[in-house]
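Open your viewer and get ready to click around. We'll go stop by stop, picking something to select each time and saying what is there.

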Amino acid sequence: MSRIDKEKKVFGVKLVMPALLISLCVLLFPMVYSIIMSFFDWRLTSPSRSFIGFGNYLRALSDFYFQSAIYRNLLFAFISIPFQLIVGFFVALLLSSGIKGEKWARILFIMPFFTTPAVVGFNARWIFSSRGILNQLSSGIGLSQVSWLADTNFAFIAILIVDIWQFTPLVCLILLAGLQGIPTELEDASAVDGASFFQRVFYINVPLLRPYFVLVIIMQMISAFRIFDVPYIMTGGGPADATMLASMQLYRTAFSSLNFGYASAQSCIILLFMLVISSILLIGELRRTKK
Amino acid sequence: MRDKWNLVRTFVAWAVVGLFLAPIVWLLLTSLRPDKDLFSTSLSITGLTFKQYIIAFKTYGISRYLSNSILLSLSVVILNLIFGVPAAYALSRISIPGKSAFIIFLMFMRIVPIVAIIIPLFLLMSRVHLTNTLISLVIAHTAFKFPMTIWLCMISFLGVPVEIEEAAELDGASHFKVFLVIVVPMILPGLSVAAIVAFIYTWNDLLVALILINTRSSQTLTVGLSYFLSEYGIAWGPMSAAGVVALIPVIVFALFAGEALVKGLASGAVKM
């Protein structure tokens, strides 16, 4: 290695060092500590920490509350994500079709995604409350009033609605970025060849947008299992655990049951789960592009 | 014929945009209504008042939480730029031992739910006697934003042709000078995106502040919203006002940089 290369390496290390050190202390250390502690019986209520091997993990896998939270979260993701994709794609098509005020429409449409989740949560509680605007509107047109956040089914629907509201704009703008990358010659040529609008969309746009669709699905799957602020504020997991999602269950195990070792094991399981799903989707996509 | 369809599309598009903006507009409207009108459904803008805002600031003292949030978010952005940008440059240009490991680790941390590491982090902070201070939040949030900041900046740096740096070095400029004076200015758009994203995600955070801070006076605005709950119920009027205040920076950034932000996030991710 030449002297110049060595000198450059030293320079590089100096540049990385501060960020690396901070990451080691604040990110890596807690992460490793958490993983190690998942093998211990570590509760805030007692000072002793005994090694129990996979005890926490086995317990989690047969824990009704933990399992329900995961199934519930999966159901949540499987309903929310298709909605986000379909509506997002539809709006992306609209916003790239030369409508009036297109630029402003895009800028305004992104709002929900950046709004503070805590504000969204409280605002949603306000809107879905028994005297809130939704109930007042629906009684105005003759539908019966719904106790949204106090009913197990409606509460779940409510958090779904808010999730779709918050993330569809993100999905839409990502797909829009993809659409804008499609050369117009392709679309024009197919129009000349007599393709109808729908044929164009399905045979040109959708296939070319595939990497973006996969990206969005992976992103939103991961996001669905991390979501905390909004449902926590809207329902706190209730009523009767109807809206208890994965990260909220983790929070409950850690801060209500005060069983940190168990909570660490649960989060490791969820983490592995998400890694597996992401890998499957990624590898599936990479295989397809290789063909 | 063409124009007719364009009008239909315009109408539908703006109807959808309106539908998505409705909750935010409703929040704004609620915050400007006096208590007696809070639950009315009329869209009238008569009788609007700033009273709720005054109550929020005077009675609930949200200016304290507001300044905490501002201080926190700005500090995190500055620290992220100071530490994250050089790191991104080194990781994108120079082959350092352990480079891949560090990058993979950063990507991994983006998937981890914060709940998983928050407890050990809290214990760490209490060991160094930093709990309940804004400093602990600054340190935690800076680290949490590193993956995003470094990734965004790496993408930007990779777009800068190496020839420019080589030419500058041939002219005798030191490594650091090349970095700071030549390359960094070239990624200004990517830098702004990284800065704004770091600000927004720090500003919006709830969980980290909730766990690391116990005393109200050091709390952020996001958590401060929950202080409008009491045994008498929720003070919806002042809370809406506080909510609007909390949304102001976010809306401003979204208005000015929203599209660029999403494009930056999207194109970067697809390239990976």
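## Stop 1: a loop in chain A

Select A:Pro239, which sits in the loop between helix H12 (229-234) and helix H13 (246-255) of chain A. Helices here are DSSP runs of H or I with at least four residues, strands are runs of E with at least two, and both are numbered from the N terminus. Before going on, know that this is a predicted model, where local features need pLDDT of at least 70, side-chain atom pairs count only at pLDDT 80 or more, and totals for chains, interfaces and linings use all residues. Residues are numbered from 1 along each chain as its sequence is written, chains are lettered from A and ligands numbered from 1 in the order in which they are written, and side-chain values use heavy atoms, with hydrogens and water left out.

The phi of A:Ala240 is near 55°, a positive value in a residue other than glycine.

## Stop 2: where the two chains meet

Show chain A and chain B in two colours. How many residues does the contact take from chain A and from chain B? It takes 84 residues from chain A and 87 residues from chain B, where contact means heavy atoms within 4.5 Å. The size of an interface is often given as the accessible area lost when the parts come together. Between chain A and chain B, the buried area (accessible area, with a 1.4 Å probe, that two parts lose on being put together, summed over both) is about 8,100 Å², and carbon and sulfur atoms give 82% of that. Select A:Leu27, A:Phe114 and A:Trp126: in chain A, they lose the most area to chain B, together 10% of what that side buries.

Next, pick A:Lys8 and B:Glu169. They form a salt bridge, and their closest N and O atoms are 3.9 Å apart. (The rule is a side-chain nitrogen of Lys or Arg within 4 Å of a carboxyl oxygen of Asp or Glu.) This pair crosses between chains, from helix H1 of chain A to helix H7 (residues 162-170) of chain B. The count between chain A and chain B is one salt bridge, while over all chains it comes to five.

Colour helix H1 (residues 3-37) of chain A: on the side of chain A that touches chain B, H1 gives the most, with 22 residues. That whole side divides into 61 nonpolar, 14 polar and nine charged residues. For these classes, Ala, Val, Leu, Ile, Met, Phe, Trp, Tyr, Cys and Pro count as nonpolar, Asp, Glu, Lys and Arg as charged, and the others, Gly among them, as polar.

## Stop 3: two helices crossing between chains

Axes are lines fitted to C-alpha atoms, for helices over the stretch in contact, and angles run from 0 to 180 degrees between N-to-C directions.

Residues of H1(A), including A:Phe29 and A:Tyr33, meet residues of H5(B), among them B:Pro120 and B:Leu124. By class, this contact has 13 nonpolar, one polar and no charged residues.

## Stop 4: inside chain B

Chain B has 12 helices and two strands, and its C-alpha atoms fill a box of roughly 70 × 70 × 30 Å, taken along the principal axes.

Select helix H3 (residues 62-93) and helix H8 (residues 175-186) of chain B, whose axes come within 12 Å and cross at roughly 95°. That makes H3(B) roughly perpendicular to H8(B). B:Val85, B:Pro86 and B:Tyr89 in H3(B) meet B:Val178, B:Phe179, B:Val183 and B:Val184 in H8(B).

Not counting residues up to four places away in sequence, B:Ser156 touches B:Ile187 and B:Gly190.

Note on methods. Parallel < 35°, antiparallel > 145°, perpendicular 65-115°, else oblique.
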